[in-house]
Amino acid sequence: MSVQASPLPGIVHVAPSAGDVADAAASWLARRSEEARAEHGYFAVALSGGSTPRALYRRLTAEPYRDGLTWASWMVFYGDERAVPPGDGRSNHHMATESLLGHVPIPPERVFRMEAERPDREEAAREYASLLADSLPHGPGGAPRLHCVLLGLGENGHTASLFPGDPSLDVQRRWAVPSRADYEPYDRITLTFPVLNAAESVVFLVTGGSKGDALRGVVEGSVPAARVRPTAGLLTWFLDEAAAATVPAQP
Ligand code: 6PG
């Protein structure tokens, strides 16, 4: 793993393979969680869906993290969720449970699922926003301030479930809203940019050459993920070499 100069905003770590990205990100997240626990008494993290973070989650279920982290101090939220039941294989909560939450001793009452499957997704989003507001301190702009937000990057430059052209991109005074994806499952709930940008740290996990257009879009400012710019927080990227090779040398 090496820190590389990059036109991407923030700090960019590059590792040879996707597995090395998972190893490096696990080490970083473990350290971050213990720092937050020491400073705040707990660690509030929003998990990402998608396939990339799965390897990170699985790495955290092995040593030195399984027995080395203070899992009871974790508060687990989600960056987004699909409108499917929690037992559906397409659910982000299902993936997180299978790869992490079912294997480490985080008390279930400290895992806060987005109930995107509810018929009234607007109500479910409002309730989730209230949960965030009631559970966390408020950061810049009054948004709930998470200690860490994990994000992936879609090939079209979406992140969480903030998709190109969707009205959710422009929401400023709400913390979680219904949104629509451009692939199945279409209906989602997503955190909004004010919450992402109020976080103490935001981490993108991006692997593979297929994300080149999206990464170039971040550099150019032309895709939703380009709007992730923590107001008073740290933005960090973990890329494998295949993804890093697609990033232009200059903006
Ligand atoms: C989701 C994620 C989504 C994901 C990207 C990248 O619910 O699918 O929140 O934003 O992070 O689509 O997905 P991969 O990591 O699978 O490429």
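Student: Which residue in strand 4 stands opposite Phe43?

Tutor: This is a predicted model, in which local features need pLDDT of at least 70, side-chain atom pairs count only at pLDDT 80 or more, and totals for chains, interfaces and linings use all residues. Residues are numbered from 1 along each chain as its sequence is written, and side-chain values use heavy atoms, with hydrogens and water left out.

The residue opposite Phe43 is Trp74 in strand 4. Strand 3, which covers residues 43-47, runs parallel to strand 4 and is joined to it by 5 bridges. Strands here are DSSP runs of E with at least two residues, helices are runs of H or I with at least four, and both are numbered from the N terminus; two strands pair if DSSP finds at least two bridges between them. Taken as a whole, the sheet is open and mixed in its pairing, with 7 strands in the order 1-2-10-9-6-3-4. Strand 1 (2-3) and strand 4 (74-78) each have a single partner strand and stand at the edges, so one side of each has no neighbour in the sheet.

Another cis peptide bond leads from Glu184 to Pro185, with omega near -10°, and Pro185 is found in the loop between strand 7 (176-180) and strand 8 (187-191).

Although Ala160 is not a glycine, its phi is positive, at about 50°. Ala160 also brings us to the ligand, since Ala160 is among the closest of the 17 residues that surround the ligand, together with Ser51, Thr52, Arg82 and Lys211; a residue counts as near if one of its heavy atoms lies within 4 Å.

Thr52 places a polar side-chain atom 2.6 Å from an oxygen atom of the ligand, while an N or O atom in the side chain of Arg82 is 2.7 Å from a ligand oxygen. His158 likewise has a polar side-chain atom 2.7 Å from an oxygen atom of the ligand (a polar contact is a pair of N or O atoms within 3.5 Å). Of the 420 Å² of accessible area that the ligand has on its own, the protein covers 90%, by the Shrake-Rupley method with a 1.4 Å probe.

Terms used: A polar contact is a pair of N or O atoms within 3.5 Å; within protein, one must be able to donate a hydrogen and the other to accept it, and residues adjacent in sequence count only if both atoms are side-chain atoms.
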